[in-house]
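Here are my notes for your first look at this model. Please keep the structure open as you read.

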Amino acid sequence: MSIIDDPTITALIRFLDVNVYRSELVMSNMANIDTPGYRTQDVNFSQEMERADGNLQYASFTPVAHSVRGLMERPDGNNVSLERESLLLADTQLRFNLGVQLLRDEFKGILSAIHEGSAS
């Protein structure tokens, strides 16, 4: 068993994966703000984390994007809102930073256990 097999670390890696994917979607939405007919894409964060939970052991996991319904559409058919995307990007960055901090704490705990074991 390696360190990466730890369920907490693996879950945090998936958490970061979903955040990175969502950031890419948000940036793509922002880049297409002037593309006629472009439809805003997003992921259901909690649903993707539940879906990843069943695939934690070395499985390839790719979150699934979906079109966002209920957004105001402009006459050209585009429904991207810069305000919405900016808020989502900020939220996603905060979540990502939290995930990195939690992962860092997990590795600090492992390193501490290694140092304590080598001192005895």
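Is R74 buried, partly exposed or exposed? Point 1 takes this up, and the other points follow from there.

1. R74 is partly exposed, because its relative accessibility is 30%, which falls between the 20% limit for buried and the 50% limit for exposed. Its salt-bridge partner is D76. The closest N and O atoms of the two are 3.8 Å apart. D76 counts as partly exposed too, at 34% relative accessibility. Keep in mind that this is a predicted model.

2. Now step back to the whole chain. It has 3 helices and 2 strands. Read from the N terminus, the order is α-β-α-β-α. The chain has 120 residues, and 29% of them count as buried. Its accessible surface is about 7,500 Å². Carbon and sulfur atoms hold 59% of that surface.

3. Look at contacts across the sequence. Take those between residues at least 6 apart. Of these, 72% join residues at least 24 apart.

4. E85 has a relative accessible area of 1%, so it counts as buried, the limit being under 20%. Beyond its neighbours within four places in sequence, E85 touches V26, N29, M30, T40 and V80. V26 lies 59 residues away along the chain, yet the C-alpha atoms of E85 and V26 are 5.9 Å apart.

5. E85 also carries a charge partner. Its side chain meets that of R84 in a salt bridge, 2.8 Å from N to O. The structure has 8 salt bridges. A network of them links R22, D42, R84, E85, D91 and R95.

6. R95 is partly exposed at 29% relative accessibility. D91 is partly exposed, with a relative accessible area of 29%.

7. F45 counts as buried, at 10% relative accessibility.

8. Finally, check the rings. There is 1 aromatic pair in the structure. F15 and F45 make this pair, edge-to-face, with 5.5 Å between centres and 85° between planes. The pair links distant parts of the chain: F15 is in helix α1 (residues 7-31) and F45 in helix α2 (residues 45-53), 30 residues apart. F15 counts as buried, at 15% relative accessibility.

Key. Residues numbered from 1 in each chain as written. Predicted model: local features only at pLDDT ≥ 70, side-chain atom pairs only at ≥ 80, totals over all residues. Heavy atoms only, no water. Buried < 20%, exposed > 50% of the residue type's maximum accessible area, 1.4 Å probe, protein only. Contact = heavy atoms within 4.5 Å. Helix = DSSP H or I, 4+ residues; strand = E, 2+ residues; numbered from the N terminus. Areas by Shrake-Rupley, 256 points an atom, 1.4 Å probe, with all protein chains shown as cover. Phe/Tyr/Trp six-rings, centres within 6.5 Å; stacked < 30°, edge-to-face > 60°. Salt bridge = Lys/Arg side-chain N within 4 Å of Asp/Glu carboxyl O.
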